[in-house]
Amino acid sequence: MEDALEPAKKRTRGLGAVTKVNITRPRGPPLRTAPQTHGQTAAQKVPKKTGPRSTAVSTALGWKGLGSMSKENGKKPGKRPAWDLKGQLYDLNEELKRYREKNQALDRDNQQLQEQLKEAQQQAKTLGTECSTLEEELTRVRTQAEQGQQELGHLRAHVSEIEEQLSTKEELLQELQKEQLELQEERRALATRLEEQERRQQALEAALSSSQAEVVCLRQETASQATLLAERGDQLHGLEMERRRLHNQLQELKGNIRVFCRVRPVLAGEPVPSSGFLLFPPGPAGPSDPPTCLSLSRSDDRRATLSGAPAPPTRHDFSFDRVFPPGSRQDEVFEEISMLVQSALDGYPVCIFAYGQTGSGKTFTMEGGPGEDPQLEGLIPRALRHLFSVAQEMNGQGWTYSFVASYVEIYNETVRDLLATGTRKGQGGECEIRRAGPGSEELTVTNARYVPVSCEKEVEALLHLARQNRAVARTAQNERSSRSHSVFQLQISGEHAARGLQCGAPLNLVDLAGSERLDPGLALGPGERDRLRETQAINSSLSTLGLVIMALSNKESHVPYRNSKLTYLLQNSLGGSAKMLMFVNISPLEENVSESLNSLRFASKVNQCVIGTARANKK
């Protein structure tokens, strides 16, 4: 190494002025540089197997050794002059030897510490295994202790139960002993009573012989009373048949085609009509008699007198079987038709229509108002309640009745089932009007639900379902207008098993669609064409209904039932063996006077028709 430093020394001497400059610099850095270089060289000689931890420990011990050496020396060695390079090299070699010795000592300490660390890790692993074993043992012991506690609790409960049973049996034994004493006393009392009963039996046997003679007399009286009861039953049946005959005669005197007019009240937010717009003259018997006439005034701004003054309003008078002013209640309306509903129970087909423009109160008349107010119930729920009540009374006379309901609508000449549920909703194309069987006059709607009903709640559920399924839309007259004819049919079947009598007839309650006329000059957009087709279909079916009634009244050979699905479905309730009633519903508003006049004129034509005598469907 000294040979290697010689060229450096010569180079230093050859620098001249540069060497003097370097001498003036601090001598500290050259001394620090040499230990760092030798330290790095010594660190490179450390075996690679030494881990990070042992290296850190060795480094720490090395620096501590240096610190202690510095303290032992007490004072720093004297500094050599800058030109004494051999002396500086000697000092560096000595310092390098010391560092190598310390490094070897640190390596030995590091190996010892690694061996101690391995032993500690082995001991920790052994202790962990022992700890896991002890924990498992502790868990098992605790489980056994808990099971022992549970078994001990069960044993204690069992002991308590046995003690309670023992106590109960002791009490039961005492009660049985007490009961035994009571039974012995009772046995002695019964023996005494038996002797008394034997004496009474002898007396009763004597009375029995006399009673038997009385029984023979009573049987003879019972036979005579049974004969009298049968005669009275025959008389009651004859009276019931006579009642039906007289009831039918009364309905025929009133007319097999009757027309009632009902004017709805003015609703909130509607303009109040003038005082002379609608008048209701009193009935034929005076103010106490219900009105049968209606007078309607119409002003025409297009007409004027010669003087230029507006022409006086034109008055139109109409006469019907009964007129219901705006204040009429639902129960008053039903009371007038209750006898007609009774005819359906007697075996006569009955058909009741509600006719009029949109918003005139047809649906309110037939089904009632919203909510569950009994005062607002319409004709359908009231009619069925009346039929159920009368049928219950007729059970006492031997008649049994069954009722089957259906509810369909006719929309654009397509029949839809209003009682359809689930996936069948809206599948009107599958419903067709067909004969019930070969040679049968009865009509039925294919794929429609026919629901047996026996109480009011079942009818209410059907009406609620039908209201949800019925086709409605917004029109110029009403925000929610019925765009179809709804037909509620109730097939009534009665039987008197003792006499072998049967009767059956349909009751049809029809809420017709709004009877608005078409305006030829009205320009319709694409969105209104469907409403136009609906209106055309409605007016066509209503016209066919009028033609059918006229043909029946004129006794024509051909009646155009098949021109409309409505008349085809109701043909068995429109002919000579049926009773018909039409409600013409009109609006009290002056703005609807044109439609009101059309409805009243159509109803007047129907009111003038006369159909033959009705015949009951009896077997």
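The chain in this predicted model exposes about 38,500 Å², and carbon and sulfur atoms supply 54% of that area. On the inside, 34% of the 619 residues count as buried. The secondary structure comes to twelve helices and 16 strands. If you look at contacts with a sequence separation of 6 or more, 71% of them join residues 24 or more positions apart.

The average pLDDT of the chain is 79, and 76% of the residues score at least 70.

Helix 9 covers residues 456-469, which makes 14 residues. From first C-alpha to last it reaches 20 Å, close to the 20 Å expected at 1.5 Å a residue. Its buried residues are Val-459, Leu-462, Leu-463, Leu-465, Ala-466 and Asn-469. Why do the buried residues of helix 9 line one face of the helix? Looking down the axis, they fall within an arc of 165°, so they end up lining one face. On the other side of helix 9 you'll find Lys-457 and Gln-468, both exposed. And what covers the buried residues of helix 9? The cover includes helix 8 (379-394), strand 7 (399-411) and strand 11.

**Cysteines**

How many disulfides does the count come to? With a cut-off of 2.5 Å between cysteine sulfur atoms, the count is zero. Two cysteines are worth a look for their surroundings anyway. Cys-261 is buried, with a relative accessible area of 0%. Cys-455, on the other hand, counts as partly exposed at 30% relative accessibility.

Val-263 sits in strand 1 (residues 257-263). Is Val-263 buried or exposed? Its relative accessible area is 1%, under the 20% cut-off, so Val-263 is buried. Leaving out residues up to four places away in sequence, Val-263 touches Leu-278, Phe-280, Phe-324, Pro-325, Pro-326, Ile-586 and Pro-588. The C-alpha of Val-263 is also separated by 6.1 Å from that of Ser-587, although the two are 324 residues apart along the chain.

Ser-599 belongs to helix 12 (residues 593-607). At 2% relative accessibility, Ser-599 counts as buried. Which residues is Ser-599 in contact with, leaving aside its neighbours within four places in sequence? They are Tyr-355, Gly-356, Gln-357, Ser-515, Val-584 and Ile-586. Ile-586 turns up here as a contact of Ser-599, and it is a contact of Val-263 as well.

**Loop residues**

The loop between strand 7 and strand 8 (414-417) holds Asn-412, and Glu-413 lies in that loop too. Phi of Asn-412 is near 55°, a positive value in a residue other than glycine. Glu-413 also has a positive phi without being a glycine, this time near 60°. As for the solvent side, Asn-412 is partly exposed at 33% relative accessible area, and Glu-413 counts as partly exposed at 29%.

Further along, Arg-562 is in the loop between helix 10 (529-553) and helix 11 (565-569). Its relative accessibility is 63%, over the 50% cut-off, so Arg-562 counts as exposed.

| Residue | Relative accessible area | Class |
|---|---|---|
| Cys-261 | 0% | buried |
| Val-263 | 1% | buried |
| Ser-599 | 2% | buried |
| Glu-413 | 29% | partly exposed |
| Cys-455 | 30% | partly exposed |
| Asn-412 | 33% | partly exposed |
| Arg-562 | 63% | exposed |

Terms used. Residues are numbered from 1 along each chain as its sequence is written. This is a predicted model: local features need pLDDT of at least 70, side-chain atom pairs count only at pLDDT 80 or more; totals for chains, interfaces and linings use all residues. Side-chain values use heavy atoms; hydrogens and water are left out. Helices (H or I, at least four residues) and strands (E, at least two) are DSSP runs, numbered from the N terminus. Buried means under 20% relative accessible area, exposed over 50%, partly exposed in between (1.4 Å probe, protein chains only). Contact means heavy atoms within 4.5 Å. Accessible areas come from the Shrake-Rupley method with a 1.4 Å probe; for residues, only the protein chains shown count as cover. pLDDT is the predictor's confidence in each residue, from 0 to 100. The expected span of a helix is 1.5 Å times one less than its number of residues. The arc is that of the directions from the helix axis to the C-beta atoms.
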